[in-house]
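Please open the model in a viewer and keep the selection panel at hand.

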There are 2 protein chains.
Amino acid sequence: MRNKVRLSDSLKAALVEILGDRLNLSAAICERHGKGESHHPAMPPEAVAFVHSTEEVSAVMKLCYEHDCPVVPFGAGTSLEGHVAAVAGGVCIDLSEMANILDVSDGDLDCRVQAGVTRKQINHHLRDKGLFFPIDPGADASLGGMAATRASGTNAVRYGTMRDNVLGLTVVLPDGEVIKTGGRARKSSAGYDLTRLMVGSEGTLGIITELQLRLYGIPEAISSAVCSFPNLEAAVDAVMLIVQVGVPVARIELLDEVQMDAVNRYSKLSYPVTPTLFFEFHGTETGVVEQAEQVGEIVNDYGGGDFQWASEQEDRNRLWQARHDAYYAGINLRSGCEGWPTDVCVPVSKLSECILKTRELIDKEGLVAPIIGHVGDGNFHVLFIVDPANTDEMEKAGRVNQAMVDMAISYGGTCTGEHGIGMGKKKYLVKEHGDNAVSVMRRIKQALDPKGLLNPGKIIPEV
Amino acid sequence: MRNKVRLSDSLKAALVEILGDRLNLSAAICERHGKGESHHPAMPPEAVAFVHSTEEVSAVMKLCYEHDCPVVPFGAGTSLEGHVAAVAGGVCIDLSEMANILDVSDGDLDCRVQAGVTRKQINHHLRDKGLFFPIDPGADASLGGMAATRASGTNAVRYGTMRDNVLGLTVVLPDGEVIKTGGRARKSSAGYDLTRLMVGSEGTLGIITELQLRLYGIPEAISSAVCSFPNLEAAVDAVMLIVQVGVPVARIELLDEVQMDAVNRYSKLSYPVTPTLFFEFHGTETGVVEQAEQVGEIVNDYGGGDFQWASEQEDRNRLWQARHDAYYAGINLRSGCEGWPTDVCVPVSKLSECILKTRELIDKEGLVAPIIGHVGDGNFHVLFIVDPANTDEMEKAGRVNQAMVDMAISYGGTCTGEHGIGMGKKKYLVKEHGDNAVSVMRRIKQALDPKGLLNPGKIIPEV
């Protein structure tokens, strides 16, 4: 696809007229915008437009449309499946400077933000009001990017994903027209659900510039606990039962022994190097105690050790920071290597089988690859620590990845629970959804982006 | 649109070949299939196809596609906004005999059903397994129809709507092709969210033939209570505070004094004829007591009377049956009249203002019209009891309806929280979403149903 420069001099001049020096052509900036945080190779755009408003995005998009120039939206750059690679060149629209929190309503438990606001920024802003936004993919991603990839993370088992917590969006279409989807009502039956169509569309149907989000009151009581298990099977089986009996745990995270070792080294901690569950309980004082007791009984039955509690905010933050640093801790296991993260999600009754089988495959290939998981959802991740120059290693990781996906799909699961399709998982889309459903996706893409300018080469496999 | 017979002899013969006497051409059957439960006039199809499988729906749809014959899907016929009216004639596909429960997994808390299974049927089936499906729009609607209109109802404040509880669908497209959307994973980032696109599309994009649904364990403890208030404002203000402090109530229903009078008469009860809240609490034994105490304090502060408890299942059933009969009780207030139900949904902080203003408008016009509401969501209903032959009365109801919708939209709310657009609310769609967003909906409709055969004349306003 990359056979010509798409950014003509006349387009460049027109963009500079709108953006001035916020149209950046430097090689370093372009390079940085062509790569997320994973192993996918950098494919830099020809220019980066640092936009400040929906109107600017619309104006830039209109010009690119007139000039048939591809556009790739960019938030915080924490993508894991190559979403930001400018496979056809063109302009990257960087929304990170659209970082205003426009409105917070504690009466309605919602807020309106620009797309570049990050999850940490919104939660910092909300803390004094006693509110929080629960979706937490680990990285300090932008909320626009999180909506675009239908992100979820540690709290999803209790609070849902971006799908459930975006009330409405402002979106710029490929021709520069602006639409507003959804609204502030908690539910609506008024027409096609364009909000949910845009959530997870990875910038291929429109550019999200503003979001209306659901908020939650910070629970009266929160406590976190860590529990070690004799083996992986016992840990996962305990999770399955906790989910099945319906304890409303806010977070249930699994880290296998490889990941625990990595976390200990990276975060200077001394947890036992065995499969471990991290829990968080939200509720009233009594409710949290009750949940912890229910969970405590179950983990005991599966040979889990005593809970190590963290009830003070500072202790909890340290614990969850260690969990969130799992990715960086993993990469740190082999110097000079990169992370190839993959995630699948399966019906929870198949979780134990899938995770054990995956660990077996990894070990058989002789790879270094910790397993972590938002296991309450049936979602688990493998982080292959690889040297991208080592073809043999990359092939081995590819084989395990393929086997994981095949296994997940065979159980009615999905090839990606929360990272998205991007470039990395396009080849699995038909296997998961079938030719007819992917053909419907293609017709929607064609209807909304007939010139194929928005984030080309992502999600939809070429025919 | 209704200028010619769309069902040619050759199509008829071909359909009989597939369905035998399950292609029904009788006037009485056609008449019954052209009308839902509300005031919208009947517009009968030319034939009703009683289908038994996805394959049959596909075969019927393929034939209709070849013959350019419109198709209207039909579930239980409990639509309130004219969804089933065959405005362009053609064939009605009645899915009520596709009523098999295909699979229930208590390990994964999900099930697969054919589209004609009703909500009461599934819950009857699940009871012995200790599971339930929470979406409860009052009427014993079919699950396929509930998905098609994005239904919700009394439990939505705690469990969400059909949007949140459909994991995947089998859908027949206008050309007869079959797609499967979603899957059994609790979350996925794999491609466009076709499930959510189909949910709420009111049979205009595809015909839902099977559903994969989330289930929940029947809570350890359930208790219901009724509480009377001195006036409407006090009752709604109490609800606003309950929602804002985040008590996880399963149901919070408002019935105004007109509705309470109707319910007393219809269900032979003797509740005080004042604005009343119906509550239901789900949780552990301790949790339910705690929730009830929190709510009790709040309602006390607003002058609410003591809770009248119903903790035994039989008592609870009687209470909720009275609530669910509110529609029929309302219609019964004036003999020979029909119900014109309308619903809007607003941010909860505006609920009190919107409901009080609505009551004022109804009284000013001199209409008989109870107000009820799933108020925990900001959703409320007015049931105009009208004589459709009385133009003056219909105009008055139309004016109040319009004013309610205008008010809801001006606060960021929606013209329908759960009844759908159908024919009745098409004229409000642009006002709510804007020209550009409705144009996107039109492009999606065009992309998926280029011949415009599926449920023509619904949702999307004519250009």
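Begin by selecting chain B and chain A together: the area buried between them is about 6000 Å², with carbon and sulfur atoms giving 54% of that area. Buried area here is the accessible area (1.4 Å probe) that two parts lose on being put together, summed over both. Within chain B, select B:K187, B:S189 and B:Y192, which supply 16% of the area that chain B buries against chain A, more than any other three residues.

The model is predicted, so local features need pLDDT of at least 70 and side-chain atom pairs count only at pLDDT 80 or more, whereas totals for chains, interfaces and linings use all residues. Residues are numbered from 1 along each chain as its sequence is written, chains are lettered from A and ligands numbered from 1 in the order in which they are written, and side-chain values use heavy atoms, with hydrogens and water left out.

Next, display the contacts (heavy atoms within 4.5 Å): 76 residues of chain B touch 75 residues of chain A. The count of residue pairs in polar contact between the two chains, both residues at pLDDT 80 or more, is 48. A polar contact is a pair of N or O atoms within 3.5 Å; within protein, one must be able to donate a hydrogen and the other to accept it, and residues adjacent in sequence count only if both atoms are side-chain atoms. On the chain B side, colour α16(B), which brings the largest share, 12 residues.

Now turn to salt bridges (a side-chain nitrogen of Lys or Arg within 4 Å of a carboxyl oxygen of Asp or Glu). Four cross the interface, that is, 4 salt bridges between chain B and chain A. Select B:K187 again, with A:D377: their side chains meet in a salt bridge at 3.0 Å, N to O.

A:R184 lies in the loop between β9 and α8 and A:D110 in strand β6, so the pair ties together parts that are 74 residues apart in sequence. Helices (H or I, at least four residues) and strands (E, at least two) are DSSP runs, numbered from the N terminus.

Finish in chain B with B:D136 and B:R251, a salt bridge with closest N and O atoms 2.6 Å apart. The pair ties together parts that are 115 residues apart in sequence.
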